[in-house]
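Please open the model in a viewer and keep the sequence panel at hand.

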Amino acid sequence: HTDTVPFNEKLWNYDPLSLTEADNRLYGMGTSDMKAFFALAISAARKFTSADLDEPLIIVATADEESTMNGARELASSRRLQARRVLIGEPTGLRPVHMHKGMMMECVHLHGRSGHSSDPALGINAMDGMHKVMGEIMAWRRELKHRFTDPQFRVPYPTLNLGRILGGDNPNRICGDCELHFDLRPLPGMVPDALLEELKQRVDAVLDGSCLDIRLRSLMQSVPPFASQAGSEIVAAAEKLTGTSAESAAYSTEAPFYQQGGMEAVVLGPGDIDQAHQPDEYLALDRLQPLI
């Protein structure tokens, strides 16, 4: 992907929009995540002529990976990319990644009726209702942790984080609206649409009879979890070339969208995820040669 996250220039010691070589590193936005991969891919591709290739070699640049992944979504759904295997150059520290969790960001909005706090009968308190919803979601989180496990991940269960709550406007006013935002990271084998239906059923049940208006919405389109196919040739090739067994990752990539398009995928790149989205993002120079 060609896009990067926003940056605060004041926190940088180098110009984030220029490439600076210093201390055996290349500094600049996207050096690790993941623009350097394009330069390396182009350099590697220049070694071949059409006579060397049995099938086309395609270098793909997508947009909006850091926000919506709409570039990869559109490319996969259009079927314009005809390929059998895909190498995604995300920052993996030159270790192949063959599976990662998905990403879901969801919102529960409750609408009640405001009124003076001196008489609860004057309103329907949305914050009281959200307290019940949060308890139900935390119970669901415990259940998911026991229902789904995969020891190949450092955190071997799906995580669910209650990240933001908005509601009310004054202590002496019954809360008429309350909204909860949370993040859910499903394991491979878990289906986002099925999880959303389960969430809806649980929220509806815990608020049955409350007279609250319940609205569920996604803050972003879900990114499905990814796991390479058993016996994947491109994963085996990546393991052989790097001398490293394929592993899992906690972050999400565009891999599941290419997989939905019928392609085998592996994630492998020179950068380090610890450098991504950080001031003074860099790529170590010793990471260049192994990829070309």
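Which residues does S32 touch, not counting residues up to four places away in sequence? Select S32 and display its surroundings: the residues touched are P91, G271, D272, Q275, A276, E281 and Y282, where contact means heavy atoms within 4.5 Å. S32 sits in the loop between β2 (25-27) and α1 (35-45). Helices (H or I, at least four residues) and strands (E, at least two) are DSSP runs, numbered from the N terminus. With a relative accessibility of 2%, S32 counts as buried; buried means under 20% relative accessible area, exposed over 50%, and partly exposed in between (1.4 Å probe, protein chains only).

This is a predicted model, in which local features need pLDDT of at least 70 and side-chain atom pairs count only at pLDDT 80 or more, while totals for chains, interfaces and linings use all residues. Residues are numbered from 1 along each chain as its sequence is written, and side-chain values use heavy atoms, with hydrogens and water left out.

**The whole chain**

Of its 292 residues, 43% count as buried. Among contacts between residues at least 6 apart in sequence, 79% join residues at least 24 apart.

**The aromatic cluster**

Next, select Y14, Y27 and Y282, which form one aromatic cluster. A search of the whole structure finds two aromatic pairs. Rings of Phe, Tyr and Trp (its six-membered ring) pair if their centres lie within 6.5 Å; planes under 30 degrees apart count as stacked, over 60 as edge-to-face and the rest as tilted.

Why does the pair of Y14 and Y27 count as stacked? The ring centres of Y14 and Y27 are 4.0 Å apart and the planes lie at 20 degrees, so the pair is stacked. Y14 belongs to the segment before β1 (20-22) and Y27 to strand β2, so this pair ties together parts that are 13 residues apart in sequence. Colour the residues by accessibility: Y14 is partly exposed, at a relative accessible area of 22%, whereas Y27 is buried, at 5%.

Now turn to the other partner of Y27. The rings of Y27 and Y282 have centres 5.7 Å apart and planes at 55 degrees, so the pair is tilted. Because Y27 lies in strand β2 and Y282 in strand β12 (residues 282-284), the pair ties together parts that are 255 residues apart in sequence. Y282 is buried, with a relative accessible area of 18%. Y282 is also one of the residues that S32 touches.

Select T4, in the segment before β1. T4 is partly exposed, with a relative accessible area of 28%. Not counting residues up to four places away in sequence, T4 touches M29, G30, D33, K35 and E66.

From T4, move to its contact D33. A cis peptide bond joins D33 and M34, with omega about -15 degrees. M34 lies in the loop between β2 and α1.

**Helices α3 and α4**

Select residues 126-147 (α3) and 192-206 (α4), whose axes are 10 Å apart and pack at an angle of about 140 degrees. That angle makes α3 oblique to α4. Angles under 35 degrees count as roughly parallel, over 145 as roughly antiparallel, 65 to 115 as roughly perpendicular and the rest as oblique; axes are lines fitted to C-alpha atoms, for helices over the stretch in contact, and angles run from 0 to 180 degrees between N-to-C directions.

Show the side chains of K132, V133, E136, I137, A139, W140, E143, L144 and R147 in α3, which meet L195, E198, L199, R202, V203 and V206 in α4.

**Two positive phi values**

Finish with two loops. L94, in the loop between β3 (85-88) and β4 (97-100), has a phi near 65 degrees, a positive value in a residue other than glycine. C211, in the loop between α4 and β8 (213-218), has a positive phi of about 70 degrees and is likewise not a glycine. Is each site buried or exposed? L94 counts as buried at 17% relative accessibility, and C211 as exposed at 64%.
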